[in-house]
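Okay, thanks everyone. I've got a model to walk you through today, so let me put it up on the screen.

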Amino acid sequence: MPIHRLYGHHQARRRLAQAVSEDRLPQVILIVGSAGVGKQRLALWLAQTIFCEDADKGQEPCGACRSCRLVMDVAHPDLHWIVPIPRPKAGDPDKQVAEAEESIAQAVANRRAEPLYRPPDGMAIHGVASARVMLKRAGLTPVEGRRKVFIIGEADRLVPQEANQEAANALLKVLEEPPEDTVFVLTTEDTNRILPTIRSRAAPLRLGRLPDEEIASFLQQDGGGAGAGDTAPLVRQAQGSIGQAVLAADDGAAKARAAAEAFLEAVLQPNAATLYELALKQTPAQARGDFTGMLDVVAEKLNDAAREALGHQAQAPVAKSLRGREPEALVKAAAAVRATRQVAQGNVNPQLLIASLGTLLAETL
């Protein structure tokens with residue numbers, strides 16, 4: 001099934017198309033924007049623009065030529081979409097690379113079957129095995145055109161603290177001096193999460209929120225079941241993000257919001273009994289999905305409260321219980337949640353994490 005068409009970001013598209021036509025496109029680009037706003041979809045559009053056989057100079061890709069169709073099917077031989085994957089289980093380095101290639105291929109196949117991008121597993125990373133896969137492919141000659149395009153989704157999940165730094169350092173070297181026939185497009189929600197050594201080598205491109213009419217258009221044309229009936233509530237919840245609109249229609253997202261609200265209520269009461277009851281409900285497997293989803297919502301709520309406390313417009317309505325609190329405390333609390341989410345990607349019991357985080361947030365707020 002082809003990837004849905006790209007919505008919005010017209011100014012960024014014009015800039016990129018002009019750069020491609022004038023042969024001045026940076027070889028390492030870092031696309032930054034909120035979750036679900038279309039960063040990886042724009043990266044795929046850029047690959048189309050680079051590979052298109054019939055595009056007019058400085059214009060959008062035609063969408064009809066063989067290269068454009070192959071990109072839309074995520075099947076172009078010179079397009080390498082690298083997404084976070086679980087850490088390989090094999091002990092032998094060569095077997096780890098083979099396992100990583102299989103995991104990446106399966107992830108891309110899943111995207112092909114279900115084009116609407118969803119956040120990766122909370123335990124998924126770009127580890128040393130993935131770095132070796134990228135290095136191996138970067139050394140290949142383009143199959144059909146003059147260039148290869150690498151899309152590294154969720155680039156903030158590149159792991160720096162591996163025991164074996166050889167592959168990670170080699171990948172940094174490739175990003176510092178990429179092959180002339182290669183373009184790297186990295187995506188992230190926050191540049192501060194990217195390794196400084198990578199951030200310094202990339203040309204940033206920041207994406208803003210999408211207009212409500214673009215969200216509504218997506219829901220009606222490509223939203224599947226989410227586009228049935230009245231879409232106005234989903235548009236409001238989306239806050240300028242197609243991904244958030246999709247999640248808002250998903251039962252898992254609703255559960256994450258409910259869990260986050262219950263957690264914050266227990267923290268702010270404070271209600272130690274409720275907090276520990278919530279902790280006991282967590283299972284080790286939830287660290288890979290439900291638990292990290294809940295932490296993401298908590299962090300978003302704290303960030304919105306901090307924005308409002310500083311006099312800025314929040315992206316979503318702020319809970320009454322979070323209003324009137326010191327912005328420094330809210331920022332510190334959000335940082336603690338992000339740190340906990342990072343720890344949750346390791347082999348740590350979420351029961352212990354939620355109990356210790358709850359205590360820390362109660363003291364901070």
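The protein averages a pLDDT of 82, and 84% of the residues score at least 70. Element by element, β3 has the highest mean, 96, while helix α12, residues 272-281, has the lowest, 54. Then there's residues 283-288, where pLDDT stays under 50. The model does have twelve contacts beyond four places in sequence for that stretch, but where pLDDT is low, the predicted coordinates should not be read in detail.

Now the sheet. It's an open sheet of five strands, the pairing is parallel, and the order is β2-β3-β4-β1-β5. At the edges you've got β2, 79-82, and β5, 203-206; each has a single partner strand, so one side of each is left without a neighbour in the sheet. From one strand to the next, the twist averages 20 degrees.

Let's look at β1, residues 28-32. Is it buried or exposed? Mostly covered: five of its five residues are buried. And that goes for both faces, with V28, L30 and V32 buried on one side and I29 and I31 buried on the other. Who are its partners? With β4, β1 pairs in the parallel sense over five bridges, and you can find I31 opposite T187 there. With β5, which also runs parallel to β1, there are four bridges, and L30 stands opposite P204.

Moving along, β3, residues 148-152, pairs with β4, residues 182-188, again parallel, over five bridges.

On the α4 side, the contact is made by P93, Q96, V97, A100, E101 and I104. Facing them from α5 are A129, S130, R132, V133, K136 and R137. What kinds of residues are these? Six are nonpolar, two polar and four charged.

Okay, that's my tour; happy to go back to any of it.

Technical notes:
Residues numbered from 1 in each chain as written. Predicted model: local features only at pLDDT ≥ 70, side-chain atom pairs only at ≥ 80, totals over all residues. Heavy atoms only, no water. Contact = heavy atoms within 4.5 Å. Helix = DSSP H or I, 4+ residues; strand = E, 2+ residues; numbered from the N terminus. Nonpolar A, V, L, I, M, F, W, Y, C, P; charged D, E, K, R; others polar. Pairing = 2+ DSSP bridges. Axes fitted to C-alpha atoms, helices over the stretch in contact; angles between N-to-C directions. pLDDT = per-residue confidence, 0-100. Buried < 20%, exposed > 50% of the residue type's maximum accessible area, 1.4 Å probe, protein only.
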